[in-house]
Every structure is written in structure tokens, then in C-alpha cells.
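Thanks for making the time, everyone. I would like to walk through one protein model this morning, going from the overall fold to a few individual residues, so please have the view open.

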Amino acid sequence: MKYGITNFKRGGEAMYGNLLNVMKQKKVTALQIANLLECRPATVSDKLNGTVKCGFYFAEAQKIKNVFFQEYDYDFLFEQFNNDVLSN
């Protein structure tokens, strides 16, 4: 089960803007999250930036929140920003 709604790339903006901002504040890298999720850093980057249509699965969101960002709510961290108009 994916956390949130289906995401689509937004014109040059990150899909998980809140998560990226908190990552910067706490100095957590995509590499650290990739190591936690046991995947490639490029996969994490693609999900963060909306390059791929699938976002983080709930189990992935749980791990990220519990390990790095316990003080934040899921709804805030994993809010997805979508285009109102999608291009084909």
C-alpha cells in the first residue's frame, strides 16, 4: 500500500517538498535513506523528485519516519504535491 495519493511530477518541483526540506535541516541524505531501505540512492532520489509514478510505500515511509524524523507527522512529511494539469 502506498502512502498518500498517486503522484505525478510537478514542473521542476519536488514531489515530497516537506520531506526534502526536513532532510536538509537535519542533514539526512538520500544515500542514508537508500541504505535504510536497501535500495539505490537513485531510486530514493527519483521518488523524492517525482521522476517515477510510484511514491514511497507505507512500510518505507514508516522506516524513514521512525529512524530519521520521529518528531514529524506522516501527513506533513509525505505530503505529495501534484500538478493540477498533467501532461501526456
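Now the provenance. What you see is a predicted model, in which local features need pLDDT of at least 70 and side-chain atom pairs count only at pLDDT 80 or more, while totals for chains, interfaces and linings use all residues. Residues are numbered from 1 along each chain as its sequence is written, and side-chain values use heavy atoms, with hydrogens and water left out.

On the overall fold, the protein chain has 5 helices and 0 strands, where helices (H or I, at least four residues) and strands (E, at least two) are DSSP runs numbered from the N terminus. Of the 88 residues in the chain, 34% count as buried; buried here means under 20% relative accessible area, exposed means over 50%, and partly exposed is what lies in between, with a 1.4 Å probe and protein chains only. The accessible surface of the protein chain comes to about 5,500 Å², and 51% of it belongs to carbon and sulfur atoms; these areas come from the Shrake-Rupley method with a 1.4 Å probe, and for residues only the protein chains shown count as cover. If we take the contacts between residues at least 6 apart in sequence, 72% of them join residues at least 24 apart.

Let me turn to helix 1, which spans residues 17–26 and has as its buried residues Gly17, Asn18, Leu19, Leu20, Val22 and Met23.

Next, the nonpolar core, by which I mean a set of buried Ala, Val, Leu, Ile, Met, Phe, Trp, Tyr and Cys residues joined through side-chain atoms within 4.5 Å. The largest such core has 20 residues, and those with the most contacts inside it are Leu19, Phe56 and Phe69. Helix 1, helix 2, helix 3 and helix 4 are the elements that give two or more residues to this core, and the largest share, 4 residues, comes from helix 1.

In helix 2 we find Leu37, which is buried at a relative accessible area of 14%. Leu37 touches Val44, Phe56, Glu60, Lys63 and Ile64, with the exclusion of residues up to four places away in sequence.

For the aromatic side chains, a search of the whole structure finds 7 aromatic pairs; rings of Phe, Tyr and Trp (its six-membered ring) pair if their centres lie within 6.5 Å, and planes under 30 degrees apart count as stacked, over 60 as edge-to-face and the rest as tilted. Phe58 and Tyr74 form a tilted pair, 5.6 Å centre to centre with 35° between the planes, and this pair links Phe58 in helix 4 to Tyr74 in helix 5, 16 residues apart. The rings of Tyr72 and Phe76 have their centres 5.8 Å apart and their planes at 20°, so that pair is stacked. Phe68, Phe69, Tyr72 and Phe76 form one aromatic cluster.

Finally, two backbone details. Most residues other than glycine have a negative phi. Lys27, in the loop between helix 1 and helix 2, has a positive phi of about 60° although it is not a glycine, and Lys27 counts as exposed at 69% relative accessibility. Glu38, in the loop between helix 2 and helix 3, has a positive phi near 55° and is likewise exposed, at 72% relative accessibility.

Technical notes
Contact means heavy atoms within 4.5 Å.
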